[in-house]
Amino acid sequence: MAKLIDFTSLNEMLYGDERYIKEFAEAAVISFSEFKTNYSKYLKARDEENFRRAGHKIKPVAQMLGLNGIIEEYENAKTLIWEEHPETDLQASTHKMDSICTQVLNELENMTTDK
């Protein structure tokens, strides 16, 4: 399976310092775990305000890691709420984001144990 995280960019941004990279990865694991939970919770509840807060919090980290798929699905899900799409569409988005976040978390966790 292809890697989702752009490790080259992350390495350059943190000057190749393994301690910084590991620290960043550990913090990102916490952020993505929280986002994964909140995405599902607030999308299913159609809680636009808290959903937007969750997205606002993860977007900078996702951008730094080159995770455009997360940003694209988040933007799509906001539209699902605004346009009052059926529950099945919300579930499909939740499933898609869960899958993406699970892979990202696996990559980050591997990064923290490899270094």
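This is a predicted model: local features need pLDDT of at least 70, side-chain atom pairs count only at pLDDT 80 or more; totals for chains, interfaces and linings use all residues.

Let's begin with helix α2, which runs over residues 18-44. With 27 residues at 1.5 Å each, α2 should span 39 Å, and the 38 Å between its end C-alpha atoms agrees with that. At its start, D17 uses a side-chain oxygen to come within 2.9 Å of the backbone nitrogen of R19. Quite a few of its residues are buried, among them I21, F24, A25, A28, V29, F32 and F35. Further along, N38, Y39, S40, Y42 and L43 are buried too.

Now for the partner. Two packed helices are described by the angle between their axes and by how far apart those axes are. Here, α2 packs against α3 (residues 48-64) at about 150°, and the axes are 9 Å apart. The crossing of the two is left-handed. On the α2 side, the contact includes F24, A28, F32, F35 and Y39, while α3 brings in residues including F51, A54, I58, V61 and M64. Sorted by class, this contact has 13 nonpolar, 4 polar and 2 charged residues.

Between α2 and α3 there is a loop, and R46 sits in it. Just after α2, R46 takes a positive phi of about 55°. What does R46 touch, leaving out residues up to four places away in sequence? The list is L80, I81, E84, H85, P86, E87 and L90. R46 and L90 are 44 residues apart along the chain, yet their C-alpha atoms are separated by 8.9 Å.

Helix α5 (residues 87-114) is where T94 is found. Leaving out residues up to four places away in sequence, T94 touches Y39, S40, L43 and K44. Of these, Y39, S40 and L43 are among the buried residues of α2.

| Residue | Relative accessibility | Class |
|---|---|---|
| T94 | 10% | buried |
| R46 | 30% | partly exposed |
| T112 | 15% | buried |

T94 is buried because its 10% falls under the 20% cut-off, and T112 at 15% is buried on that basis too.

Technical notes
Residues are numbered from 1 along each chain as its sequence is written. Side-chain values use heavy atoms; hydrogens and water are left out. Axes are lines fitted to C-alpha atoms, for helices over the stretch in contact, and angles run from 0 to 180 degrees between N-to-C directions. Helices (H or I, at least four residues) and strands (E, at least two) are DSSP runs, numbered from the N terminus. A crossing is left-handed if the near helix is turned anticlockwise from the far one by less than a right angle, and right-handed if clockwise. Contact means heavy atoms within 4.5 Å. Ala, Val, Leu, Ile, Met, Phe, Trp, Tyr, Cys and Pro count as nonpolar, Asp, Glu, Lys and Arg as charged, and the others, Gly among them, as polar. The expected span of a helix is 1.5 Å times one less than its number of residues. Buried means under 20% relative accessible area, exposed over 50%, partly exposed in between (1.4 Å probe, protein chains only). A polar contact is a pair of N or O atoms within 3.5 Å; within protein, one must be able to donate a hydrogen and the other to accept it, and residues adjacent in sequence count only if both atoms are side-chain atoms.
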